Amino acid sequence: MVRAGLAGLGKMGISHCSILNAHPGVDLVAVCDTSKLVLNASAKLTSFRRYTSFQQMIGECDLDCVVVATPTKLHASMVAHALNQGADYVLLLNDDAVVAANAIAVLMATAISHPRAGFLGPKILSLEDPNQILSAGGRLKPNGQIQHLGMGALVSKENKLVSE
């Protein structure tokens, strides 16, 4: 069982909690948000430990996986802190991301079957046109630049893979 924590309850926090709770291999043990109002509201629906400090949540909860669904400007420092404190997995989400119900299961299975992978990412589809891919991953070039894959391509109806 993977012990998970969620940072950022924001607009999509309830959805992220539901998706994590639905995964049979995930135990969502803690949530973190800077808004006490949001945390207090979540207390009525869940039994997770609640934190206003990301560092405190990471330090006290012995997490294997951290889902970071906060404003983008906070991502780098939060990811570095989670990994430095022993998290095996970090999932970065924009705070308004809509996550498919099976996304976490697929990403975790892929991570387990490819232990040497430095990072994995889901296929990101347009909300306006779910047949259009916004991103299907990337490659890290030797010069440090990221090459985005699949941008603007269409999802194949036969196999849901990128069509060129």
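Entry 1, the H3–S4 loop. I looked up Asp62 and found it in the loop between H3 and S4; helices (H or I, at least four residues) and strands (E, at least two) are DSSP runs, numbered from the N terminus. The phi of Asp62 is near 45°, a positive value in a residue other than glycine. Most residues other than glycine have a negative phi. Asp62 is exposed, with a relative accessible area of 60%; buried means under 20% relative accessible area, exposed over 50%, and partly exposed in between, with a 1.4 Å probe and protein chains only.

Ground rules. I note that this is a predicted model, in which local features need pLDDT of at least 70 and side-chain atom pairs count only at pLDDT 80 or more, while totals for chains, interfaces and linings use all residues. Residues are numbered from 1 along each chain as its sequence is written, and side-chain values use heavy atoms, with hydrogens and water left out.

His23 has its place in the loop between H1 and S2. Leaving aside residues up to four places away in sequence, His23 touches Ile104, Ala105 and Met108; a contact means heavy atoms within 4.5 Å.

I traced five strands in an open sheet, in the order S3-S2-S1-S4-S5, with parallel pairing; two strands pair if DSSP finds at least two bridges between them. S3 and strand S5 (89-92) stand at the edges, each with a single partner strand, so one side of each is left without a neighbour in the sheet. From one strand to the next the twist averages 25°; axes are lines fitted to C-alpha atoms, for helices over the stretch in contact, and angles run from 0 to 180 degrees between N-to-C directions.

Five of the six residues of S1 are buried, so the strand is largely enclosed by the rest of the structure. I followed its pairing on both sides. Six bridges join S1 (residues 2-7) to S2, and the two run parallel. Leu6 has Val31 as its bridge partner in S2, and Ala7 has Cys32 there. With S4, strand S1 pairs in the parallel sense over four bridges, and Ala7 stands opposite Val68 in S4.

I then went on to S3. Three bridges join S2 to S3 (residues 49-51), running parallel, and Val31 stands opposite Arg50 in S3. S2, helix H2 (residues 36-43) and S3 make a right-handed β-α-β unit.

S4 (residues 65-68) and S5 run parallel and are joined by four bridges. Val66 has Val90 as its bridge partner in S5. Helix H1 lies across S1, S2 and S4, running at about 155° to S2. Helix H3 (residues 54-61) packs on the sheet and touches S1, S2, S3 and S4, its direction making about 145° with that of S3.

I counted up the secondary structure as five helices and eleven strands. With 164 residues, a compact globule would have a radius of gyration near 15 Å, and the protein has 16 Å, which agrees; the radius is taken over C-alpha atoms, and the globule rule is 2.2 Å times the number of residues to the power 0.38. The C-alpha trace spans about 45 × 35 × 30 Å along its principal axes. Buried residues make up 34% of the 164. Of the contacts with a separation of 6 or more, 45% come from residues 24 or more positions apart.

How values were computed
A crossover is right-handed if, with the strands pointing away from the viewer, the path from the first strand over the helix to the second runs clockwise.
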